[in-house]
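New notebook page. I want to get to know this structure, and I'll jot things down as I look them up.

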Amino acid sequence: MSFAEKVGELIEELEEARVETLEEVEEFRIKYLGSKGVFKSLFHEFKEVSSEEKREFGKKLNELKSKTESLVSDWKSGFSEQPQESSNLDLTRPGMLRELGAEHPISIIKREIIDIFHAIGFSVAEGPEIEDDWHNFSALNFPPEHPARDMQDTFFVANPNSEEDYVLRTHTSSVQVRVMENNEPPIRVIAPGRVFRNEDISARSHCIFHQIEGLYIDEGVSFADMKQTLEYFAKEFFGKSEIRLRPSYFPFTEPSAEMDVYWGLESEVDYRMTKGTGWLEVMGCGMVDPAVLDSCGIDSEKYSGFAFGMGLERSAMKRFRIPDIRMIFENDARFLKKFKSAL
Ligand code: PHE
């Protein structure tokens, strides 16, 4: 066979070459590109051919070799991208179900309360968890050194820019200040969020918990408006229509009250929950002190308003019969999964 014929045959073979597995690619590579392969022997023979043939086939042979090399590498990468057992692939098989997460009990309670107030025109406001003294205390009528500051044992955080420490907010009333500073009445907001107090951790209390604060300011808002709003809330949230307001004290409201809901004394649990009184303590509330309105840039001659604030953990514990507040923060998946049905 002449050299020209051999080259012609090689071209034909390469055009027809097919492989089905990675092993066949390797066989092909060894056959053509290996150290004893077809190209090696053709290049060897090439030295012997006439100069006329050299001119004709030299370039061709080099081209063929590099084309073969890239063919081999294309095949190789093609095989490594595809699963080799492609025959097992069943595109009609149903997908794998991913287990759905559950909503956290605190999120459930928070969402419900937001929905209840949304329905009567309150929107949600948020603020930072690390606050300055002004927003957490001073603007709310807690003067410096005032004993009322001891009502809430505070975590302080060093402030690199000032002598005065920051605090981890002890209540969401700090958001009330921010909203009043930045908005004109009428104001109707609720502020859900995490708060922090330096308290011993036990089954009943924790140093982290959640509150929802409400604030309503407009011309001519009265104590009666507050009572009616809270009655509406008690009905929607607890399904109970009897509430009572007991006198209380907060530096930023005057008068201040504690709101209780009549829960009833039908079962032993009711006795335990209400300490035998039938009344459940629900939240603090009151008319915003005019001094607070003025500190926050709202004309107290023209406007008045009320505020209220409640913790979420207690409600969540009652609703879902959670015996220990620490379970709410531990994020144990076995506990969290239980709330799936509530979704
Ligand atoms: N901020 C108060 C607390 O943390 C609750 C409250 C809010 C009371 C608004 C009155 C008005 O205890």
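Below are my notes on the ligand, the cysteines and some backbone details.

**Entry: before anything else.** I remind myself that this is a predicted model.

**Entry: the ligand.** Which residues are closest to the ligand? I looked up the shell and found 14 residues surrounding the ligand, with His171, Ser173, Arg197, Gln211 and Glu213 the closest. Next I checked atom pairs. His171 puts a polar side-chain atom 3.2 Å from a ligand nitrogen. For Ser173, the distance from an N or O atom of the side chain to a nitrogen atom of the ligand is 2.9 Å. Gln211 has a polar side-chain atom 2.8 Å from an oxygen atom of the ligand. Then I looked at cover: the ligand taken alone exposes 330 Å², and the protein buries 92% of that.

**Entry: where the shell comes from.** The largest share is from E10, with three residues. I also sorted the shell by type and got five nonpolar, seven polar and two charged residues.

**Entry: cysteines.** How many disulfides does the whole structure have? My search came back with zero. A disulfide would need the sulfur atoms within 2.5 Å. Cys285 is also buried, with a relative accessible area of 2%. I looked up Cys207 as well, and Cys207 is buried too, at 15%.

**Entry: cis peptide bonds.** I noted a cis bond from Pro185 to Pro186, with omega near 0°. Pro186 sits in the loop between helix H7 (173-182) and strand E5 (187-196). Another cis bond runs from Glu254 to Pro255, with omega near -5°. Pro255 belongs to strand E8 (residues 253-262).

**Entry: positive phi.** Lys275 is not a glycine, yet its phi is positive, about 50°. I found Lys275 in the loop between helix H9 (268-273) and E9. Is Lys275 buried or exposed? It is exposed, with a relative accessible area of 74%. Arg321, also not a glycine, has a positive phi near 50°. Arg321 lies in the loop between helix H11 (313-320) and helix H12 (326-330), and Arg321 is exposed, at 67% relative accessible area.

Methods
Residues numbered from 1 in each chain as written. Predicted model: local features only at pLDDT ≥ 70, side-chain atom pairs only at ≥ 80, totals over all residues. Heavy atoms only, no water. Near = heavy atom within 4 Å. Polar contact = N/O pair within 3.5 Å; in protein donor to acceptor, adjacent residues only side chain to side chain. Areas by Shrake-Rupley, 256 points an atom, 1.4 Å probe, with all protein chains shown as cover. Helix = DSSP H or I, 4+ residues; strand = E, 2+ residues; numbered from the N terminus. Nonpolar A, V, L, I, M, F, W, Y, C, P; charged D, E, K, R; others polar. Buried < 20%, exposed > 50% of the residue type's maximum accessible area, 1.4 Å probe, protein only.
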